[in-house]
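This report describes one protein structure for a reader who is new to the subject. Please look at the sequence and the model before reading on.

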Amino acid sequence: MSFETISTSKADGGVQHVCRHRSDSTGTDMTFSVFVPPHTDGAALPVVWYLSGLTCTHANVTDKGEYRRTCAELGLIFVAPDTSPRGEGVPDDPAGAYDFGLGAGFYVDAAEAPYSEHYGMWRYVTEELPALISEHFPVDRDRQSIMGHSMGGHGALTIGLSHPERYRAISAFSPIVAPSEVPWGQKALEGYLGGNRSTWRRHDAVALIEDGARVADLLVDQGTADQFLDEQLRPERLRETCDRAGIALTLRMQEGYDHSYYFISTFMDDHLRWHATRLGAG
């Protein structure tokens, strides 16, 4: 498995890595970032996975997420993958729209041509990249958690709900909670998985809970001034479903905040501390 360090930068006593490798899941080079906090030699550290939203790469949260100081304090490794395969020959949205194709992999393994050749993002995030991270960084594979924003919030919820034995904590900023019911999700799930809606359910957090997926608790922050709130995000659907399932959802409607990284960076510290408690860190 190829692996290349693009850059390292000291930050808050730890090291911010940006790396690249050749992925079997996507058939492309993939770039990701990893922050490793200060630690003693031989330590195995808990890891928080962060999944980004539409149009993003690893760089958005790396540059604007303001997570390093808290991760350094709490001893958390922070991993940020890309959102889709990229490169020559990787198919994009035919009309060039931002909500499908490049930058919009929706954390599924595509089954429909021409996307099935490269868009293996579920396997990439849940299998291939964790194995690579464990090989090159001092992670404790028994202490992992997952979080994300928007499309990445959808990914964090669906992956976490599908693997409750692996991820000790799940949180999200402005997640797409019921993609089967909203335009962004319907376009992506049909385009990647086909028209049989029964196959969409394992990639829909509300549907997964309806079908029996269970975790102890979830944390979601949502801005009230988010321009996508009513049409695309619909956090009330997650609240209703968690209430019926007995899942302790903390849904915080943050007055006046929008969909941007100004919002995410404001509450990043809260989320990381919530994760650290469940990871036995800090």
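How many salt bridges does a search of the whole structure find? The search finds 19, where a salt bridge is a side-chain nitrogen of Lys or Arg within 4 Å of a carboxyl oxygen of Asp or Glu.

The model is predicted, and local features need pLDDT of at least 70, side-chain atom pairs count only at pLDDT 80 or more, and totals for chains, interfaces and linings use all residues. Residues are numbered from 1 along each chain as its sequence is written, and side-chain values use heavy atoms, with hydrogens and water left out.

| Salt bridge | N to O distance |
|---|---|
| Arg86 and Asp82 | 2.7 Å |
| Arg234 and Glu181 | 3.4 Å |
| Arg234 and Glu236 | 3.5 Å |

For exposure, buried means under 20% relative accessible area, exposed over 50%, and partly exposed in between (1.4 Å probe, protein chains only). Asp82 is buried at 5%, while Arg86 is partly exposed at 28%. Arg234 is partly exposed at 24%, as are Glu181 at 32% and Glu236 at 36%. Salt bridges with shared partners join Glu181, Arg234 and Glu236 into one network that also includes Arg201, Glu210, Asp211, Arg237 and Glu240.

The next topic is the sheet. Nine strands form an open sheet with mixed pairing, in the order β1-β2-β3-β5-β4-β6-β7-β8-β9. Strands are DSSP runs of E with at least two residues, helices are runs of H or I with at least four, and both are numbered from the N terminus. Two strands pair if DSSP finds at least two bridges between them. Strands β1 (4–11) and β9 (248–254) stand at the edges with a single partner strand each, so one side of each has no neighbour in the sheet. Strands β7 (residues 167–173) and β8 (residues 217–223) run parallel and are joined by three bridges. Phe173 stands opposite Asp221 in β8.

The last topic is the nonpolar core, a set of buried Ala, Val, Leu, Ile, Met, Phe, Trp, Tyr and Cys residues joined through side-chain atoms within 4.5 Å. The largest core has 64 residues, of which Phe32, Ile133 and Tyr192 touch the most other members. Helix α3 (residues 121–136) gives this core its largest share, seven residues. A second, separate core has 23 residues, including Cys71, Phe78, Leu272 and Ala276.
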